[in-house]
Amino acid sequence: MNFSKTLICMVCLFLNFKNIYAQTTNSLNTNRRYNEISWLINHNAYQNPEINASDNGLSGGINQAHSVNTQLNNGIRSFMIDLQYGRTSNFFKGNFLRLGHGPAGFLNWMEMCDFLSKIKTFLENNRNEIITLHMQIDNGVTVNHIKEAFAGKGNRCSSRANVMKYLYSHTNPLHLWPTIKQLINSNKRLIILSEKDFGGSAPSWLHYEFLFTRQNDYAANQVSELTEAHRYDIAGNPGRGNNKTSLLTINNFAVDSPLGTGDKSKAKNANEYTRMYNKLIRSWFSFGKRPSMAVDFYEQGNYSARKVITTANTLNEVSGRFKLPNGSNFEDYVTVNSNLESNWYIHGAKARARLHYSLPARPNESRRIKFTHSNYNFSPKEIDLTKYKGTNKKTYVIDVTVTPKNNRRSSNIVGKLNFKDSDFYAEEVFLYVYDVNSRLIMSLQNRKSIEENLKEINTLESGFYIIKGIVNGNNYRKKIAVK
């Protein structure tokens with residue numbers, strides 16, 4: 001009897017040890033919001049040996065070694081998938097949806113409904129778990145076929161894939177996300193992000209990824225490229241997201257060209273604990289947002305990638321939003337600088353945050369963070385992270401009030417021009433400033449980065465002005481009043 005009890009205890013300890021790094025809900029602080037959790041994202045999660053169950057295709061070209069079910073059972077809760085149209089033969093497309101990655105997708109693919117059925121079964125059997133899908137979508141795929149697939153309808157699909165009741169809708173990308181507990185209680189535990197913008201034809205649950213997230217550059221063929229300076233720079237790829245929002249995805253995989261297939265050796269190197277953890281922290285400070293991280297072959301290095309994300313979710317966090325005295329959002333860029341580093345790229349100092357900010361308060365943290373802007377004051381003007389440091393899974397919310405400085409300009413003039421995010425890194429900028437008598441008083445030509453180089457506009461005296469020109473090839477005209 002004693003031997004049996006001992007054996008049972010040993011088995012329990014083994015199971016607990018095996019899952020100690022799994023990203024299950026019981027390992028999280030469920031009072032944290034969705035954006036206050038770092039998620040491990042499996043890149044091309046469907047590209048695994050299981051895909052042969054769908055198409056009897058050739059082996060190879062995989063990014064993950066485990067089936068979707070095994071990934072789920074091992075604690076993976078966020079998946080990058082590529083949505084295409086399937087084929088009725090090796091040469092002709094049908095109108096059913098499949099998961100396949102570029103040219104390699106013609107060798108290995110999985111039916112979307114097969115994938116969704118696995119997600120549905122898992123959600124049914126694990127009522128406290130939350131899943132996120134990041135979907136890259138081929139240009140030809142229609143929103144109607146996507147809606148059919150998620151409803152378990154359409155060609156080669158059935159009710160086994162109907163996940164509609166689990167789909168969460170976040171109606172405004174600038175609003176706060178719900179807590180993990182709220183998502184569980186509402187049973188809205190499936191979050192969908194699409195890299196293709198379907199505009200007004202998209203259902204509320206089909207979120208356009210780059211309105212809701214920020215994502216760094218992803219194209220890397222060598223592990224050494226993953227720590228290049230532009231991987232930590234919002235200017236590196238301005239088309240991949242909106243820095244006003246609170247979600248950040250950091251790509252941490254190096255693939256083999258030209259097919260973009262995974263490499264286990266590269267993944268083991270990229271996912272090595274210290275390397276990946278340092279990248280997570282550096283990214284957190286560089287972007288001023290809590291990162292989730294996308295990887296290939298998450299099991300490499302004794303599941304080191306999973307351990308990194310588990311550690312990240314134990315860290316205390318200081319976060320909040322920038323707001324004006326009347327409570328409305330302040331949406332201009334704010335420099336977030338540390339007392340320790342002067343070089344942006346060394347340890348992630350000098351982030352350029354908008355609206356929402358987040359900073360890690362690790363046990364060994366010694367940073368004090370200052371907020372700066374040429375035309376505004378901040379309250380508090382500094383956050384001492386050493387007051388909040390720890391591994392208690394706590395989030396400390398500190399909203400920052402922004403007020404104009406007492407100078408002859410009561411507000412940031414460039415901020416009044418309503419440039420798009422992509423315009424701030426325009427390859428072509430020609431702007432001309434006229435007074436009310438149509439006299440040209442300022443000419444700004446061939447300037448890149450509106451925010452950095454159009455400082456002369458902010459020197460305008462009080463009065464009315466008309467600003468005309470070309471930004472990113474588009475004609476621009478704006479009338480402004482300077483007080």
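**Reading the terms of a predicted model**

Author: L355 is found in the loop between strand 13 and strand 14 (356–361), where strands (E, at least two residues) and helices (H or I, at least four) are DSSP runs numbered from the N terminus. This is a predicted model, in which local features need pLDDT of at least 70 and side-chain atom pairs count only at pLDDT 80 or more, while totals for chains, interfaces and linings use all residues. Residues are numbered from 1 along each chain as its sequence is written, and side-chain values use heavy atoms, with hydrogens and water left out.

Reader: Why is L355 called buried?

Author: The relative accessibility of L355 is 0%, and buried means under 20% relative accessible area, with exposed over 50% and partly exposed in between (1.4 Å probe, protein chains only), so L355 counts as buried. L355 also has a positive phi of about 65°, although it is not a glycine.

Reader: What makes F297 count as buried, and where is its place?

Author: F297 has a relative accessibility of 2%, and therefore counts as buried. Its place is in the loop between strand 10 (291–295) and helix 10 (300–312), and its phi is near 45°, a positive value in a residue other than glycine.

Reader: How do you know that the buried residues of helix 5 line one face?

Author: In helix 5 (residues 143–150), the buried residues are V143, I146, A149 and F150. Seen down the helix axis, they fall within an arc of 120°, so they line one face of helix 5; the arc is that of the directions from the axis to the C-beta atoms.

Reader: Which residues have the most contacts inside the largest nonpolar core?

Author: Those residues are M112, F115, L133 and F150, in a core of 74 residues. The term denotes a set of buried Ala, Val, Leu, Ile, Met, Phe, Trp, Tyr and Cys residues joined through side-chain atoms within 4.5 Å. Leaving aside neighbours within four places in sequence, L133 is in contact (heavy atoms within 4.5 Å) with residues including F79, F115, F150 and L190.

Reader: Why is the pair of E382 and R368 called a salt bridge?

Author: The closest N and O atoms of E382 and R368 are 3.4 Å apart, and a salt bridge is a side-chain nitrogen of Lys or Arg within 4 Å of a carboxyl oxygen of Asp or Glu, so the pair forms one. E382, at 31% relative accessibility, counts as partly exposed, as does R368, with a relative accessible area of 35%.

Reader: What makes D435 buried and R439 exposed?

Author: D435 counts as buried at 11% relative accessibility, whereas R439 is exposed, with a relative accessible area of 51%. These two residues form a salt bridge, with the closest N and O atoms 2.8 Å apart.

Reader: Why are strand 13 and strand 17 called edge strands?

Author: They belong to an open sheet of 4 strands with the order 13-12-15-17 and antiparallel pairing. Strand 13 (351–353) and strand 17 each pair on one side only, where two strands pair if DSSP finds at least two bridges between them. Strand 12 (residues 334–338), by way of example, is joined to strand 15 by 4 bridges, and N337 stands opposite K370 in strand 15.
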